[in-house]
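Welcome! Please take a look at the protein shown below, and then we can walk through its parts together.

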Amino acid sequence: MTRDRIGEYDALVLVSLVWFLGKFVRYLFPPLFESIQGAYGVSNATVGTAFTGFMLVYALLQFPSGAVADRLGPVRVIVAGALVAGAGSLAVVFDAPFAALVAAMLVIGAGTGVHKTVSVRLIARVYPARTGRMLGAHDTLGAMGGVAAPAVVVAVLSAPPALAAVLARLPGADWRAPFLLTGVLAVGLAAATAVRLSGSPAAAGSTEGDGPDPDTREYLRLFRNPRFSAFVLVAVGFSFAHNGLVAFLPLYLSEAADLATSTANLLYSLVFAVTFVQLVTGDLSDRVGRFPVMVGTLGLAAAALVALVSLPSLGLGAVAAAVVVALFGLGSHGFQPVRSAYLMELLPERLAGGGLGVVRTLLMGAGALAPSAVGIVADAVGFRPAFALLAGSMGLAAVVAAGLWLTE
């Protein structure tokens, strides 16, 4: 085992808390769009474009962060990313022109963008016998950041007079207050991670003392392995379907399934409420193997999408929609930690960080295209054909995964 100078769960807890904070700060922005517009007098298109820039920087950092971790070790990259994200968050606190806010958003995107690829690599190295279980815990805690952010925004914007008086004494006393908390916590977590994890074998780069550093061509040559390329297709098909549904599910339920908007939004939350299934599927994949769990979860998500497309014509109403949405959430969340665990087993150790970064860049690219594709198809021929496209993408992922399982 590689845990000689760190506690049993130090690595898991610290990198998961950093991931929680990264998801938290990312999902602070959408609930604050109205406040940002009021403060700066900018349009929906302007704030949307600023957030797109945030996400683009996040996506572009996947491969470089993994490649740097292969050379310098994951802990240094995680600590640097947390410090950069913390600095960007603290910059938001101070009243400045809108261009400065956008620059701070890009800095936060860069800081948070280096984390996930590198943390998966670190967890796989520190917990080789329990990778699925630990990644399930890591992803679950990260997802809670997305749940917590809107609640914190509501609490700050609707603070009672006594709390508002306290906040008024702080920098960024208005909608910026959550970023002060994020910045301080990010710096503190960076320090704790550096102190507790540096010096462990898990902190070292896998290429140190093991020949020359890998170059970009070595990462691209991974795709010559047919099983690797096929599994990337599985992951891309899943990402396209998942992101397309997440973007348009409330609108689909209200327009195509004839549900009230409030009911549709409530059902939408079910997709995220079942995130704890990752703890089960990650652990189960350690026990019975990766492919049985992946094929099962992908098949469940694909079947749920097919049912969702059929619901409007079946007229089964909100109860049936709730069951289907929950099943999709179980399948899609359940797949994610197992996907990461399998990729870390498939990738050579010296190329693990950059290789995972390449795959995550492709996943995020497919995920970014999905909302626009669904929107275009929905405008042209309706929401049901658009969601049928997502069902086909998820079904393709399940079929290819099943083929890989049978030929393993």
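This is a predicted model: local features need pLDDT of at least 70, side-chain atom pairs count only at pLDDT 80 or more; totals for chains, interfaces and linings use all residues.

How many aromatic pairs does the structure hold? The structure holds 14 aromatic pairs. Rings of Phe, Tyr and Trp (its six-membered ring) are paired if their centres lie within 6.5 Å, and the pair is stacked with planes under 30 degrees apart, edge-to-face over 60, and tilted for the rest.

Residues are numbered from 1 along each chain as its sequence is written, and side-chain values use heavy atoms, with hydrogens and water left out.

**The overall picture**

The protein's secondary structure comes to 18 helices and zero strands. Here helices (H or I, at least four residues) and strands (E, at least two) are DSSP runs, numbered from the N terminus. Of the protein's 408 residues, 52% count as buried. Buried means under 20% relative accessible area, exposed means over 50%, and partly exposed is in between, with a 1.4 Å probe and protein chains only.

A contact means heavy atoms within 4.5 Å. Among contacts between residues at least 6 apart in sequence, 85% join residues at least 24 apart.

**Two aromatic pairs**

Now back to the rings. F29 and F179 form a tilted pair, 5.1 Å centre to centre with 45 degrees between the planes. F29 lies in the loop between helix 1 and helix 2 (33-40) and F179 in helix 10 (residues 177-197), so this pair ties together parts that are 150 residues apart in sequence. F29 is buried, with a relative accessible area of 0%, and F179 counts as buried at 0% relative accessibility.

Another tilted pair is made by F238 and F335, 4.7 Å centre to centre with 50 degrees between the planes. This pair links distant parts of the chain, with F238 in helix 12 and F335 in helix 16 (residues 317-346), 97 residues apart. F238 counts as buried at 2% relative accessibility, as does F335 at 0%. Ring pairs also link F29, F51, F54 and F179 into a cluster.

**The nonpolar cores**

A nonpolar core is a set of buried Ala, Val, Leu, Ile, Met, Phe, Trp, Tyr and Cys residues joined through side-chain atoms within 4.5 Å. Which residues touch the most other members of the largest nonpolar core? Of its 92 residues, they are V234, L245, L253, L298, L308, F387 and M394. Helix 12 (residues 226-255) gives the largest share of this core, 14 residues. Apart from it lies another core, of 22 residues, including F24, V25, M105 and A149.

Leaving aside neighbours within four places in sequence, L308 is in contact with L245, L249, Y252, L253, V324, V325 and F387.

**Salt bridges**

Side chains of opposite charge can pair when their charged atoms come close. A salt bridge is a side-chain nitrogen of Lys or Arg within 4 Å of a carboxyl oxygen of Asp or Glu, and by this rule the count comes to eight. The table shows some of them.

| Salt bridge | N to O distance |
|---|---|
| D139 and K116 | 3.2 Å |
| R287 and D283 | 3.0 Å |
| D286 and R290 | 2.7 Å |

D139 counts as buried at 8% relative accessibility, and K116 is buried with a relative accessible area of 7%.

R287 and D283 both lie in helix 14 (residues 277-288), four residues apart, about one turn of the helix. Is R287 buried or exposed? R287 counts as exposed at 61% relative accessibility, whereas D283 is buried, with a relative accessible area of 17%.

In the remaining row, D286 is partly exposed, with a relative accessible area of 23%, and R290 is buried at 10%. Salt bridges that share partners join R133, D283 and R287 into one network.
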